[in-house]
Amino acid sequence: MVMSVLLNFLFPPPPSLVVTAMSVISVVTLANAGFSEIRGKHLNYSKFWNVNNNNNNTTGQRQIKLSSKTGMLLLYTPAFLAGAASFWILPHDDVRSIILQSAVTLHFFKRVVEVLFVHKYSGSMLLDSAIPITMSYLLSTVTMIYAQHLTQGLPEPPVNLMYPGIVLFLVGIIGNFYHHYLLSKLRGKGEKEYKIPKGGLFDLVICPHYLFEIIVFYGVSFIAQTLYAFSFTIGTTFYLLGRSYSTRNWYLSKFEDFPNNVKAIIPFVF
């Protein structure tokens with residue numbers, strides 16, 4: 001019953017055991033990372049870049065530290081290159097696949113451009129945190145495009161979500177960029193301290209850029225309509241919910257004047 005309903009919105013599960021396994025692994029690992037954020041075990045980047053250093057030092061572990069800019073480029077560049085290469089590797093796929101490849105590649109191209117020209121940096125990033133995030137983005141990009149390739153020649157799902165997906169993707173990518181731009185304007189030249197963000201949806205939630213990133217990936221999932229795309233997106237949703245929860249708690253601990261009515265990621269709710 002449930003499967004028959006899902007097949008109205010999804011292509012049939014792929015014949016590839018690798019893609020099926022990656023669907024399970026993605027949602028489980030990303031959701032676990034989100035719950036770890038809530039429990040206080042953070043991936044070490046942005047304002048949490050050194051939060052676990054004391055524990056690591058006491059156990060004698062030596063941490064490799066990257067500049068934030070270098071670390072962020074490491075996160076996004078391989079996924080962007082994989083997306084760009086897919087146009088050459090899979091040149092004859094259908095329109096839906098081309099739109100998916102374009103959306104994924106554009107998303108990571110935008111992130112690379114933001115790293116180079118928009119973001120302002122104050123901290124560092126530990127290589128131990130950069131590597132799993134880089135691999136997650138790279139493997140998800142490759143798997144999502146490959147899973148779409150496996151749908152070639154299959155009947156389209158009865159409910160076509162591609163066009164709503166394009167709209168969601170565009171809303172998400174524009175909203176994400178706008179709020180990254182607002183964050184970049186918080187600091188003047190040479191300033192590194194954190195401030196309470198203002199403007200846009202920052203007056204309602206502390207992580208609107210995460211909210212719009214979630215919208216981006218739901219847009220991508222609607223375009224793809226594959227099991228893997230939705231699995232990755234659901235996992236990403238759990239992770240960013242956890243990360244935004246920790247981010248809000250961080251602001252509450254650092255700023256006495258932080259407004260209590262500002263939620264983590266969902267206006268008026270969470």
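## Helix α7 and its buried residues

In this predicted model, the buried residues of α7 pack against α5 and α8, where helices are DSSP runs of H or I with at least four residues, numbered from the N terminus, and contact means heavy atoms within 4.5 Å. Those buried residues are Met 162, Gly 165, Phe 169, Gly 172, Ile 173, Gly 175, Asn 176, His 179, His 180, Leu 182 and Ser 184, with buried meaning under 20% relative accessible area, exposed over 50% and partly exposed in between, for a 1.4 Å probe and protein chains only. The 23 residues of α7 should span 33 Å at 1.5 Å a residue, and the end C-alpha atoms of the helix are 33 Å apart, which agrees; the expected span is 1.5 Å times one less than the number of residues.

Residues are numbered from 1 along each chain as its sequence is written. Because the model is predicted, local features need pLDDT of at least 70 and side-chain atom pairs count only at pLDDT 80 or more, while totals for chains, interfaces and linings use all residues, and side-chain values use heavy atoms, with hydrogens and water left out.

## The nonpolar core

The largest nonpolar core has 47 residues, and those with the most contacts inside it are Leu 75, Tyr 76, Leu 100, Met 144, Val 220, Tyr 228 and Phe 258; such a core is a set of buried Ala, Val, Leu, Ile, Met, Phe, Trp, Tyr and Cys residues joined through side-chain atoms within 4.5 Å. At least two residues of this core come from each of α2 (17-39), α4 (68-89), α5, α6, α7 (162-184), α8 and α9, and α8 gives the most, with 8 residues. Leu 100 touches Met 144, Ile 145, Gln 148, Val 220, Ile 223 and Ala 224, not counting residues up to four places away in sequence.

A search of the whole structure finds 2 cavities of 30 Å³ or more, a cavity being a set of points, on a 1 Å grid over the protein atoms alone, where a 1.4 Å probe fits but cannot get out, and lining residues having an atom within 4 Å of a point. Grid points are joined across faces, edges and corners, and a volume is the space filled by probe spheres set on the points. The largest cavity holds about 80 Å³ of space, and its lining includes Phe 11, Ala 147, Leu 150, Thr 226 and Tyr 228. This lining divides into 10 nonpolar, 2 polar and no charged residues, where Ala, Val, Leu, Ile, Met, Phe, Trp, Tyr, Cys and Pro count as nonpolar, Asp, Glu, Lys and Arg as charged, and the others, Gly among them, as polar.

About 60 Å³ lies in the second largest cavity, whose lining residues include Val 104, Met 144, Val 220 and Phe 232. The elements giving two or more residues to that lining are α5 (95-117), α6 (127-149) and α8 (208-224).

Arg 243 is in helix α9 (residues 227-254) and counts as buried, at 1% relative accessibility. Leaving aside neighbours within four places in sequence, Arg 243 is in contact with Glu 37, His 42, Leu 43, Tyr 45, Ser 46, Phe 48 and Tyr 210. Ser 231, also placed in α9, counts as buried at 10% relative accessibility, and the contacts of Ser 231, with the exclusion of neighbours within four places in sequence, are Ser 23 and Val 27.

Note on methods:
On a 1 Å grid over the protein atoms alone, a cavity is a set of points where a 1.4 Å probe fits but cannot get out, and a pocket is an open set with protein on both sides within 12 Å along at least five of seven lines; lining residues have an atom within 4 Å of a point.
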